[in-house]
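Here's a quick tour for anyone meeting this protein for the first time. Have a look at the model, then read on.

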Amino acid sequence: MTRRRVWLAREEPLLLAELKPGRPHQFDWKSSCETWSVAFSPDGSWFAWSQGHCIVKLIPWPLEEQFIPKGFEAKSRSSKNETKGRGSPKEKTLDCGQIVWGLAFSPWPSPPSKKLWARHHPQVPDVSCLILATGLNDGQIKIWEVQTGLLLLNLSGHQDVVRDLSFTPSGSLILVSASRDKTLRIWDLNKHGKQIQVLSGHLQWVYCCSISPDCSMLCSAAGEKSVFLWSMRSYTLIRKLEGHQSSVVSCDFSPDSALLVTASYDTNVIMWDPYTGERLRSLHHTQLNPPMDDSDVHISSLRSVCFSPEGLYLATVADDRLLRIWALELKTPIAFAPMTNGLCCTFFPHGGVIATGTRDGHVQFWTAPRVLSSLKHLCRKALRSFLTTYQVLALPIPKKMKEFLTYRTF
């Protein structure tokens, strides 16, 4: 614990690399250059970047050496070089024909998909199939095979922008989409992309959807002050979480499913217990240099929040041009990084890197905390991966242990 706090006090995120789109393609006036979404594949072998102008770049990870300063991720680069003899993957460009808002990789590998794609697309090689789903401006969802860049399916049903996408982590190839048409839709890619459920109830655009790692819950955030929690088993509404004072725009579950974080234009991140609906903590985004007048009242409006892969940190992007990193047990940020016009952020699945997307169509890669989880946290994470809050509270163990296991020791 002491070692972690020393690191946090001294180090700030460093910009590792910045990728910029080339000359914009000549599309119609509806095209835009924003990077609304960035994503790493679950195994960390690919990075997807919606670089604007209807284009998605699929980039093998780690990045080529010319993009990364010397001395960083040498181990990752050498491991990539070792695979070159077996045929290294190559960068791919996906022309989606519409502005791309949402991206989601399927879990890796996806054995059931092999038969599906082979049956309907004989030209697809008989390999385990990593899939990328793209949510588009016209309400369509396009499904791509990553290794080949082939378009596999086109899912129709939404009546407006598909703002976010999320696959179930179990590998069942169930896809959830969130749209400006105020609905969420559930698709089964093992059944030719069949739409199996429509979730209604939001009164505003749905900005974000997140499935808990244990696949039991779905969180959806719309342009409303409340957040909806749905059952992924019955596709029914479990509860609404009330607490924000303005539109909620981003949400994410902790790796053990025990916590849910939501980010709002009200400049706050709220940490919830999704099982009980209890509000555990609020993280307020105060400006480092407040303006002299009230002209920038909403300058700290949040855009994105995400958990680190080990569950010890959060990253947030706000309109005050800062990327913030938070430690789970602290109420103030442990580090800041200056970034302009940030829209989204995500952690590399093995830690150590945060990717952010901007309104200019750029993507930036930053260093993130690399620390060993304590034995206490590892035990909590293991237990909470299969025990609900109620099950923990029913255990015949001391009160302080229950408080720790349910994250009540903040």
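## Ground rules and overview

Helices (H or I, at least four residues) and strands (E, at least two) are DSSP runs, numbered from the N terminus. Counted that way, the protein chain has six helices and 28 strands. This is a predicted model, so local features need pLDDT of at least 70 and side-chain atom pairs count only at pLDDT 80 or more, while totals for chains, interfaces and linings use all residues. Residues are numbered from 1 along each chain as its sequence is written, and side-chain values use heavy atoms, with hydrogens and water left out.

Of the 410 residues in the protein chain, 56% count as buried (buried means under 20% relative accessible area, exposed over 50%, partly exposed in between, with a 1.4 Å probe and protein chains only). The chain's accessible surface is about 18100 Å², and carbon and sulfur atoms own 53% of that (areas come from the Shrake-Rupley method with a 1.4 Å probe; for residues, only the protein chains shown count as cover). Now for contacts, meaning heavy atoms within 4.5 Å. Taking those between residues at least 6 apart in sequence, 52% join residues at least 24 apart.

## The sheet from β10 to β13

Two strands pair if DSSP finds at least two bridges between them. On that basis, β10-β11-β12-β13 is the order of an open sheet of four strands, with antiparallel pairing. Its edge strands, β10 (162-167) and β13 (194-199), each pair on one side only. From one strand to the next, the twist averages 20° (axes are lines fitted to C-alpha atoms, for helices over the stretch in contact, and angles run from 0 to 180 degrees between N-to-C directions).

Inside this sheet, β11 (residues 174-179) and β12 (residues 184-188) pair in the antiparallel sense over five bridges, and V176 stands opposite I186 in β12. Strand β11 also holds S177. Is S177 buried or exposed? S177 is buried, at a relative accessible area of 0%. Its side chain makes a polar contact of 2.9 Å with the side chain of W187 (a pair of N or O atoms within 3.5 Å; within protein, one must be able to donate a hydrogen and the other to accept it, and residues adjacent in sequence count only if both atoms are side-chain atoms). Leaving out residues up to four places away in sequence, S177 touches several others, including I141, H158 and D164.

## The sheet from β14 to β17

Here's another open sheet of four strands, ordered β14-β15-β16-β17, with antiparallel pairing. β14 (206-211) and β17 (237-242) have a single partner strand each, so one side of each has no neighbour in the sheet. Ignoring direction, neighbouring strands are turned by 20° against each other on average.

β14 pairs with β15 (residues 217-222) in the antiparallel sense over five bridges. C208 has A221 in β15 as its bridge partner.

## W366 and the SOCS box

W366 sits in strand β28 (residues 363-367) and is buried, with a relative accessible area of 4%. In sequence, W366 and L16 are 350 residues apart, yet their C-alpha atoms are 5.4 Å apart in space. Not counting residues up to four places away in sequence, W366 touches P13, L14, L323 and M339, among others. A polar contact of 3.1 Å links the side chains of W366 and T356.

At residues 374-410, UniProt places "domain: SOCS box", from an unreviewed entry (positions use the numbering here, feature names are shortened, and annotations may be inferred rather than shown by experiment). That span is 59% helix and 0% strand, with its end C-alpha atoms 16 Å apart.
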